[in-house]
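Let's take a friendly walk through how the pieces of this protein pack together. Have the model open beside you as you read.

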Amino acid sequence: MGNILVTGGKGMLAYAVKQVTKQEPYSKYNFVYVDIEDADLCDKAQSFDLFDKYKPDGVIHLAADVGGLFKNMAHGVEMHENNLLMNMHIMQSCKEYGVQKLVSCLSTCIFPEPSLSSHIKLPLDETMIHNGPPHPSNQGYAYAKRMIDVQSQYYRRQYNCNFISLAPTNIFGPNDNFSLESSHVIPALIRKCRAAMEEDSDFVVLGTGKPLRQFIYSLDLAQLFLWAFFHYDEAEPLILAPGEEYEISIGQVAQYIADAFGYKKQLVFDTSYSDGQYKRTVSNKKLMSRNPDFKFTPIDFAIKETVDWFKANYHAARL
Ligand code: GDP
């Protein structure tokens with residue numbers, strides 16, 4: 001492997017990939033990080049020009065039109081179309097330029113919503129991805145991302161391309177998107193808790209705080225992506241998640257954030273906001289069977305690291 005192109009190069013996961021690749025065994029490879037300023041992947045010609053310029057041997061495709069529950073509810077059309085276009089152009093470019101390995105990123109939010117399909121039982125696993133409609137709050141994004149799996153498998157069958165796809169649970173970590181409109185829950189709450197500390201105001205969590213999620217720390221996920229890039233070659237997607245026992249409530253996550261800031265008042269829950277999906281428990285059995293020694297960072301420690309990063313980098317953060 002000579003050049004390994006990383007798309008979405010200014011995002012949270014690419015930031016974590018940069019940290020991990022400073023270390024052995026990855027420091028001998030040449031990772032090239034690109035983002036929309038280098039090429040708008042929704043445009044086929046720009047995507048091909050990018051591949052022509054770097055001639056990558058491998059691609060870790062992290063660019064996506066992505067966001068939290070409230071962005072998904074408001075911008076389903078754009079998220080659907082932008083993701084379809086980007087993914088199609090990346091695969092076409094990889095095939096055209098003879099890329100040896102492509103890793104694409106799915107999400108466990110694209111799996112079937114159990115309450116809409118009586119045959120779907122939790123925990124979800126890799127075999128169920130297309131077996132029922134996703135949760136209505138994020139169907140635009142979910143159906144586009146499901147097509148990554150479909151297209152990757154077609155390219156594999158017809159052109160023998162080594163395209164794999166990985167499905168992480170809710171990611172958080174340093175250099176996340178901290179925008180109040182488009183971010184996911186952890187960065188949104190970190191930003192709100194900092195403001196509540198500064199203004200001596202309430203720390204308001206949206207919804208009931210009862211939904212459950214299996215969060216994954218971006219530094220853990222970057223390690224898993226790199227492991228998969230070099231060692232996972234199966235056609236089927238792989239779920240990347242801590243075990244089912246690590247599923248925790250939004251209320252508990254908010255409390256960890258409050259603790260990390262030293263915020264002492266009681267949390268306020270604004271139940272006029274949507275809870276979105278209640279839970280989407282996934283199994284990590286397949287991951288642990290392929291990578292049995294992997295250890296996940298405890299979530300309270302990872303939240304503290306992320307809060308400390310946000311405090312230290314507030315002026316450079318994506319707000
Ligand atoms: P999801 O996991 O795909 O539903 O995406 P999110 O990370 O956006 O939301 C997860 C849960 O956190 C949902 O139940 C939200 O209602 C809840 N939540 C609580 N406060 C916030 C907030 O300030 N922003 C966001 N995005 N979600 C919040």
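Which residues of helix H1 (residues 12-20) are buried? In this predicted model, they are Met12, Leu13, Ala14, Ala16, Val17 and Val20.

In soluble globular proteins, nonpolar side chains tend to be buried together. The largest core here has 35 residues, and Phe51, Cys94 and Ile110 touch the most other members. Two or more residues each come from helix H2 (44-54), helix H4 (76-96), helix H5 (139-159) and strand E5 (163-168). H4 gives the largest share, five residues. A separate second core counts 29 residues, including Val6, Ile164, Leu166 and Ala228.

Ile110 is worth a click: beyond its neighbours within four places in sequence, its contacts are Ile129, Pro134, Tyr141, Ala142, Lys145 and Arg146.

Finally, a helix pair. The axes of H8 and H10 come within 9 Å and cross at roughly 55°. That angle lies between the 35 and 65 degree cut-offs, so H8 and H10 are oblique to each other. The crossing of H8 past H10 is right-handed. The table lists who takes part.

| Helix | Residues in the contact |
|---|---|
| H8 (residues 250-261) | Val253, Tyr256, Ile257, Ala260, Phe261 |
| H10 (residues 299-312) | Ile299, Asp300, Ile303, Lys304, Val307, Lys311 |

By class, this contact of H8 with H10 holds eight nonpolar and three charged residues, with no polar ones.

How values were computed. Residues are numbered from 1 along each chain as its sequence is written. This is a predicted model: local features need pLDDT of at least 70, side-chain atom pairs count only at pLDDT 80 or more; totals for chains, interfaces and linings use all residues. Side-chain values use heavy atoms; hydrogens and water are left out. Axes are lines fitted to C-alpha atoms, for helices over the stretch in contact, and angles run from 0 to 180 degrees between N-to-C directions. Helices (H or I, at least four residues) and strands (E, at least two) are DSSP runs, numbered from the N terminus. Angles under 35 degrees count as roughly parallel, over 145 as roughly antiparallel, 65 to 115 as roughly perpendicular and the rest as oblique. A crossing is left-handed if the near helix is turned anticlockwise from the far one by less than a right angle, and right-handed if clockwise. Contact means heavy atoms within 4.5 Å. Ala, Val, Leu, Ile, Met, Phe, Trp, Tyr, Cys and Pro count as nonpolar, Asp, Glu, Lys and Arg as charged, and the others, Gly among them, as polar. Buried means under 20% relative accessible area, exposed over 50%, partly exposed in between (1.4 Å probe, protein chains only). A nonpolar core is a set of buried Ala, Val, Leu, Ile, Met, Phe, Trp, Tyr and Cys residues joined through side-chain atoms within 4.5 Å.
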